[in-house]
Amino acid sequence: VAQAVNPPPREALVTLTRPNNGTAYTAGDAVSDTSSLVQRVVDLSGYRDQTGSILSVRMTVDTANATNGTFRIFFFKDSLNLNNIADNAAFTYSKVKDSLLIGVYDLTLVTTGTASSTSAYDTDLTETFFSLTNANTSRRGIWVVGTATGAWVPNNNGKIKLHVIYRMNRG
């Protein structure tokens, strides 16, 4: 009997453009873009009750400032109860979101390159399994909410990128 072979991993990228201010984040602040929308990293509306895995998460920013650059990234399989949230607004995780939570990644920025470098990054290679069961068909996907866990100072109109490597298993 032939076994189903899972497809190769895929990469998704979401870029947040911060508002035109350099307001420092404090622990618990949301990291959002100028639209304040919750971001869908991957649209999985065409998948049914399949399973998958987030294989790695990498965050890059357009500044070499890594001081206090610590973040907690929440991944969800549906946007239900994920309200829009403004950049630097307080975000509190609630139990209401538990059934849709895929996983949580903690990232700490490290400066790259030389003194003229313009980026910092962190990567987490922890594999996180998820199932799309109970996710609404039209909202099914990999959604992200990022929060600061330290007092990090971003650039005005700064770019924050999340690179997500994931794999969907064959059904």
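The lining of the largest cavity draws at least two residues from each of β2 (30-31), β10 and β11. Strands here are DSSP runs (E, at least two residues), numbered from the N terminus. The model is predicted: local features need pLDDT of at least 70, side-chain atom pairs count only at pLDDT 80 or more, and totals for chains, interfaces and linings use all residues. Residues are numbered from 1 along each chain as its sequence is written, and side-chain values use heavy atoms, with hydrogens and water left out.

A cavity is a set of points, on a 1 Å grid over the protein atoms alone, where a 1.4 Å probe fits but cannot get out; lining residues have an atom within 4 Å of a point. Grid points are joined across faces, edges and corners, and a volume is the space filled by probe spheres set on the points. The structure holds one cavity of 30 Å³ or more. The largest cavity contains about 140 Å³ of space. It is lined by 16 residues, and L16, V31, V144, V145 and G146 are the closest to its centre. β10 supplies the largest share of the lining, three residues. By type, the lining has twelve nonpolar residues, three polar and one charged. In this count Ala, Val, Leu, Ile, Met, Phe, Trp, Tyr, Cys and Pro are nonpolar, Asp, Glu, Lys and Arg are charged, and the others, Gly among them, are polar.

The next feature is the nonpolar core. In soluble globular proteins, nonpolar side chains tend to be buried together. A nonpolar core is a set of buried Ala, Val, Leu, Ile, Met, Phe, Trp, Tyr and Cys residues joined through side-chain atoms within 4.5 Å. Buried means under 20% relative accessible area, exposed over 50%, and partly exposed in between (1.4 Å probe, protein chains only). The largest core has 31 residues, of which I54, F75 and I142 touch the most other members. Two or more residues come from each of β1 (10-17), β3 (39-43), β4 (51-61), β5 (70-76), β6 (101-108), β10 (141-148) and β11 (159-168). β11 gives the most, with five residues. Leaving out residues up to four places away in sequence, I142 touches Q39, R40, V41, V42, L44, I54, F75, F76, I102, F130 and Y166. Contact means heavy atoms within 4.5 Å.

Aromatic rings were then paired. Rings of Phe, Tyr and Trp (its six-membered ring) pair if their centres lie within 6.5 Å; planes under 30 degrees apart count as stacked, over 60 as edge-to-face and the rest as tilted. The count comes to seven aromatic pairs. F74 and F91 form a tilted pair, 5.5 Å centre to centre with 55 degrees between the planes. F74 lies in strand β5 and F91 in the loop between β5 and β6, 17 residues apart. Both F74 and F91 are buried. The rings of F76 and Y93 have centres 6.3 Å apart and planes at 15 degrees, so this pair is stacked. F76 is buried, at 1% relative accessible area, whereas Y93 is partly exposed, at 27%. Ring pairs link F74, F76, F91 and Y93 into a cluster.

N68 has a positive phi of about 60 degrees although it is not a glycine. N68 sits in the loop between β4 and β5 and is partly exposed, at 43%. N157 has a positive phi of about 55 degrees and is likewise not a glycine. N157 sits in the loop between β10 and β11 and is partly exposed, at 36%.

How values were computed: Helix = DSSP H or I, 4+ residues; strand = E, 2+ residues; numbered from the N terminus. 1 Å grid on protein atoms, 1.4 Å probe; cavity = no way out; pocket = protein on both sides within 12 Å on 5 of 7 lines; lining within 4 Å.
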